[in-house]
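Let's take a friendly tour of a protein model, looking at its pockets and its aromatic rings. Keep the structure open beside you as you read.

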Amino acid sequence: MLKARNLEILCAVIEMGTTARAADALGVSQPAVSNMIRHTEDLIGFPLFLRERGRLTPTREALHLADEARHLFRQQRRIAGMVEELKGGVAGRLSIIATPSLGHGIVPKALSAFLKGRSKVRISFEVGTVDEIAARLIAGEADLGLSITRPRQSALSTQPLADGRLVCVLPEGHELALSERVRITDLNHVPHISYAVDTPLGRAVDGVFSAEGLERRHFCEVRHTSTALDLVKGGLGVALVDDFALIGGVPPGVVARPATPDVPLKIYALTSTLFPTPNLALLFQRHFAEFVGAAPRAEGWGIIRNYRS
C-alpha cells in the first residue's frame, strides 16, 4: 500500500526534475530517493518514469498520481491547520444558555471580549430558567450553561465560577437610599418587587423573613432579577437583585445598597456528564470566570471572589 512518503518523493522528483535535486530538497540522500521510486513502482506494478540517458521523464500515470497527491497534501495541511484552530479555540461552534440576570448582562460582554480574534467561531446563545438549561444540556443541545442557581440533576457537572450576593436596588431619591445598608425585612414597608415563592430567589428571601418571624409582602411578583431591575428602572419600586446583574455599572436613575442580612450567591458553570464538553466551551468557561473577576463594580459591594481553574 502506498504511503504519504511514497507520494511525497514522487512529487519532489517530478517537480525538481532529477533524483539528486529532489534529494537535496527533501534532505535525504540521492540513493534513498532512487530506491523509494523503484519501491513505489514495485508496489503499484507499473513504471512511473521513463529512464533515458540518465534522465527521468514522468509517465502520464505518474503525473496523474502526483496531481492527486498534491490535492491530498493540501487537505492534510488544511486539516492540520483546523486542528490547531480548534485546539486554540479560534474556530468551532459554541452553544451557551444562561439564566436571565447573566444572559442579559455580563455574558454578552464576556462573549464580545472572547470573540476578538476568533472570527471563525460560531455562537448559539439563549436565555432560560435553570430547568431549561438542565434540559438543553442533558439533551446535548447546549455545550455550557451559566446559572446563579445550582441544579439538582445528577447528569450535570457544576463548577462554581464566582461568589456574589443579593443587593437592594432603588430608584434615585428613594427614602431607603439614604441608608448605607438596607434591611431586607424593611422592604415590607415600601412598594416592593420580589420573586415567586417557587423560585430559588423567592425561597432564599422567604428564609430571611421567616428567621425573624415575618411573612414577605410585595405588590409585584417576578421570576427573574433582570425583570425586577427593569421595573426598578421604571420607578415601580425597590427590589433585591443579584449583584451579577449590576456588573459594569448601576443603570441610570437607580442606586444600589448592600442588603442585611447577607444572602450569598454563586455563578455556576454547568456541563453535561453525558457528553464530552468541547474544548471551546472549556476555554470560554475559563475566560468567563476571569472576565467576571476583573469586571468593574461599585465600591463596597459586589463580587466577593472568583474561582480560577
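## The largest pocket

The lining of the largest pocket is made up of six nonpolar, eight polar and six charged residues. The model you are looking at is a predicted one. If you want to find its centre, look for Thr129, Val130, Thr149, Thr199 and Pro200, which are the closest to it of the 20 lining residues.

Which elements give two or more residues to this lining? They are α5 (100–103), α7 (130–138) and α8 (200–211). The largest share comes from α8, which supplies three residues.

## The second largest pocket

Now move on to the second largest pocket, which holds about 200 Å³ of space. Its lining has 13 residues, and those nearest the centre are His104, Gly105, Leu229, Lys233 and Ala245.

Helix α9 (residues 225–233) gives the largest share of this lining, with four residues. Sorted by class, the second largest pocket is lined by five nonpolar, five polar and three charged residues.

## Two aromatic pairs

Next come the rings. A pair of aromatic rings is described by two things: how far apart the centres are and the angle between the planes. Searching the whole structure turns up two aromatic pairs. In one of them, the ring centres of Phe114 and Phe284 are 5.2 Å apart; the planes meet at 80°, which is over 60 degrees, so this pair is edge-to-face. This pair joins distant parts of the chain: Phe114 belongs to helix α6 (residues 106–114) and Phe284 to helix α10 (residues 279–294), 170 residues apart.

The other pair is formed by Phe284 and Phe288, with centres 6.0 Å apart and planes at 35°, so it counts as tilted. Both Phe284 and Phe288 sit in helix α10, four residues apart, which is about one turn of the helix.

## A cluster and its surroundings

What do the ring pairs link Phe114, Phe284 and Phe288 into? Together they form a cluster. Are Phe114 and Phe284 buried or exposed? Both are buried. Phe284 has a relative accessible area of 0%, and Phe288 also counts as buried, at 0% relative accessibility.

Arg118 lies over the face of Phe114, at 4.0 Å from the ring centre.

Terms used. Residues numbered from 1 in each chain as written. Predicted model: local features only at pLDDT ≥ 70, side-chain atom pairs only at ≥ 80, totals over all residues. Heavy atoms only, no water. Phe/Tyr/Trp six-rings, centres within 6.5 Å; stacked < 30°, edge-to-face > 60°. Buried < 20%, exposed > 50% of the residue type's maximum accessible area, 1.4 Å probe, protein only. Lys NZ or Arg CZ within 6 Å of the ring centre and 35° of its normal. 1 Å grid on protein atoms, 1.4 Å probe; cavity = no way out; pocket = protein on both sides within 12 Å on 5 of 7 lines; lining within 4 Å. Nonpolar A, V, L, I, M, F, W, Y, C, P; charged D, E, K, R; others polar. Points joined across faces, edges and corners; volume = space filled by probe spheres on them.
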